[in-house]
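Hi,

Here is the model I promised to pass on, with my notes below it. Have a look at the structure first, then read on.

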Amino acid sequence: MLASPAVRIAGERAGAAGLTASAVAFCALFLANGSDVSRLVWIGGLALVLAALVAAVRGVATGRAGALFLGCLLGLVVWTGASTVWSLSPDSSWQATNRVLVYAAFAVAGTALAARPSTVARVAAVLLAALFGWALLAKCVPPLYSDYGRIARLRSPLDYWNELGLLGAAGVPLALWLRGRAGAVLLFAATLVTLLTYSRVGIALALLAGVAWLLLDRERVRSLGELAVGGGVGLALFGVALALPGITSDGEPEHVRWRDGLIFAVLVLAATALVAFLAPRLRLPAASERWAARAGVVAAVAVVVLAGVFAQRLWHGFANPVTSQIGSESSNVASFNSGNRWRWWQEEWTAFTDHPALGTGAGTFHVTDLRLRQSSLVTTDEPHNTPLQMLGELGLPGLLLYLGAIAAAAAGIVRARRAAAPEERAAVAALGLALAVFA
């Protein structure tokens, strides 16, 4: 039976909106050039057009959770813009307002497209696969990203390793949802990319996302097998990469990066083929679920016990003086050194206690840091703690709006999973976990 003209037109409009959303997301991932403000103009403009297009074609979420989420987020945009009035740096606050407005535009588009979670999850998986592939290719071919000769931490094309690490962590639940060869290969790429960023938060979130998926998934044995194949091979290849200075060491000359890049490319291709071969063939016994649960409990108890025994040493390493900061080498992964974060958090807390009602103005942490710093050459625009940054820069109202948006988003995802068709529930869970990585 052929669809009516009205249905066909609606489908064409929805398809156009989806293609536009994919194109804008691609631009944000591949063409933003890190924190380059000039790119925000045209990519942000596209995001605003996307939000208007998608909202007009599909409509915006009308449920309580969706309305509260968008209300808090748009309220945060307004409050961020208002902070330019009392800001320590009005220009910085205006730039921050533009960024939050673009985030809100992507959120509007996301809530409007949420009616088809499996399609959104597949598009997200494809975009992340392309991102991970390019990131690894740029590590293999030095001219694609020459700055690896200075610092080896994986970061192309985003130009910031922690951001790439977060996207790697977000790829874990999407890969486990995807299943099969494609899912295992994506999991392998996400694991390897996250490890090569040396992002401790990214690695921790990837582990938590994998555990959370196992708790939600009804086919845990299958997911355990895919974790063993994709995650295990990715971890093994990372261990090999540590022996290649042109891949994982700072300050290596171009000829070393070319040599080790070619070796690494061959290893990546071989590992990908191995994962694709093993993924459909590995069958774990049903008892593996029980053994994995026991191993998880033992590991959790061991972590708690070790943390209690070495609490003083760990705290001393975390709250280290600014004269003993860590570098960007691979040893960063196993270190508890906060890398200036403890000092930055203290500075932002001081800013909040000095201005609890209004904050110092959006995007002004660099001013706070320069005003309160003691002795460090490391500079930053953010304290690397989003809730604390909201508190210090936007005061209690800003933090409440931020937390309200997160709570509403979480409630909306839970309700959407319950109301979704059985074949869509897993996609909702995967997207929810991927979004939780950025919360």
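Let's start with Glu 347, which makes a salt bridge with Arg 343, with 3.0 Å between the closest N and O atoms. (A salt bridge here is a side-chain nitrogen of Lys or Arg within 4 Å of a carboxyl oxygen of Asp or Glu.) The two residues sit in helix 14 (residues 341-354), 4 residues apart, or about one turn of the helix. Helices are DSSP runs of H or I with at least four residues, numbered from the N terminus. Glu 347 counts as buried at 5% relative accessibility, and Arg 343 counts as buried at 8%. For those labels, buried means under 20% relative accessible area, exposed means over 50%, and partly exposed is in between (1.4 Å probe, protein chains only).

Before you go further: this is a predicted model, so local features need pLDDT of at least 70 and side-chain atom pairs count only at pLDDT 80 or more, while totals for chains, interfaces and linings use all residues. Residues are numbered from 1 along each chain as its sequence is written, and side-chain values use heavy atoms, with hydrogens and water left out.

Back to Arg 343, which also forms a salt bridge with Asp 369, where the closest N and O atoms are 3.1 Å apart. Asp 369 is in helix 15 (residues 365-372) and Arg 343 in helix 14, so this pair ties together parts that are 26 residues apart in sequence. Asp 369 is buried, as is Arg 343. Elsewhere, salt bridges with shared partners link Arg 179, Asp 217, Glu 219, Arg 222 and Glu 226 into one network.

The count of salt bridges comes to 9. Another one of them joins the side chains of Arg 150 and Asp 147, at 2.8 Å from N to O. Here Arg 150 is exposed, at 52% relative accessibility, and Asp 147 is partly exposed, at 24%.

Now the pocket. The second largest pocket has a volume of about 1600 Å³. The search runs on a 1 Å grid over the protein atoms alone: a pocket is an open set of points where a 1.4 Å probe fits, with protein on both sides within 12 Å along at least five of seven lines, whereas a cavity is a set from which the probe cannot get out; lining residues have an atom within 4 Å of a point. Grid points are joined across faces, edges and corners, and the volume is the space filled by probe spheres set on the points.

This second largest pocket is lined by 41 residues, and Ile 203, Ala 204, Leu 207, Leu 208 and Val 211 are the closest to its centre. Two or more lining residues come from each of helix 7 (180-196), helix 8 (200-216), helix 9 (220-241), helix 12 (287-309) and helix 13 (311-318). Helix 8 gives the most, with 10 residues. By type, the lining of this pocket splits into 29 nonpolar, 9 polar and 3 charged residues. (Nonpolar covers Ala, Val, Leu, Ile, Met, Phe, Trp, Tyr, Cys and Pro; charged covers Asp, Glu, Lys and Arg; the others, Gly among them, are polar.)

On to the rings. There are 5 aromatic pairs in the whole structure. One of them is Tyr 160 with Trp 161, a tilted pair at 6.3 Å centre to centre and 45° between the planes. The rule takes rings of Phe, Tyr and Trp (its six-membered ring) with centres within 6.5 Å, and calls planes under 30 degrees apart stacked, over 60 edge-to-face and the rest tilted. Tyr 160 is partly exposed at 32%, while Trp 161 is buried at 19%.

Two charges also sit over rings: the charged end of Lys 139 is over Tyr 148, 3.8 Å from the ring centre, and Arg 294 lies over the face of Trp 291 at 5.0 Å. (That needs NZ of Lys or CZ of Arg within 6 Å of the ring centre and within 35 degrees of the ring normal.)

Finally, some backbone details. Ser 156 and Pro 157 are joined by a cis peptide bond, with omega about 5°. Pro 157 is in the loop between helix 5 and helix 6 (161-178). Asp 159 lies in that loop too, and has a positive phi of about 70° although it is not a glycine. His 384 has a positive phi as well, near 60°, and belongs to the loop between helix 15 and helix 16 (386-419).

Cheers
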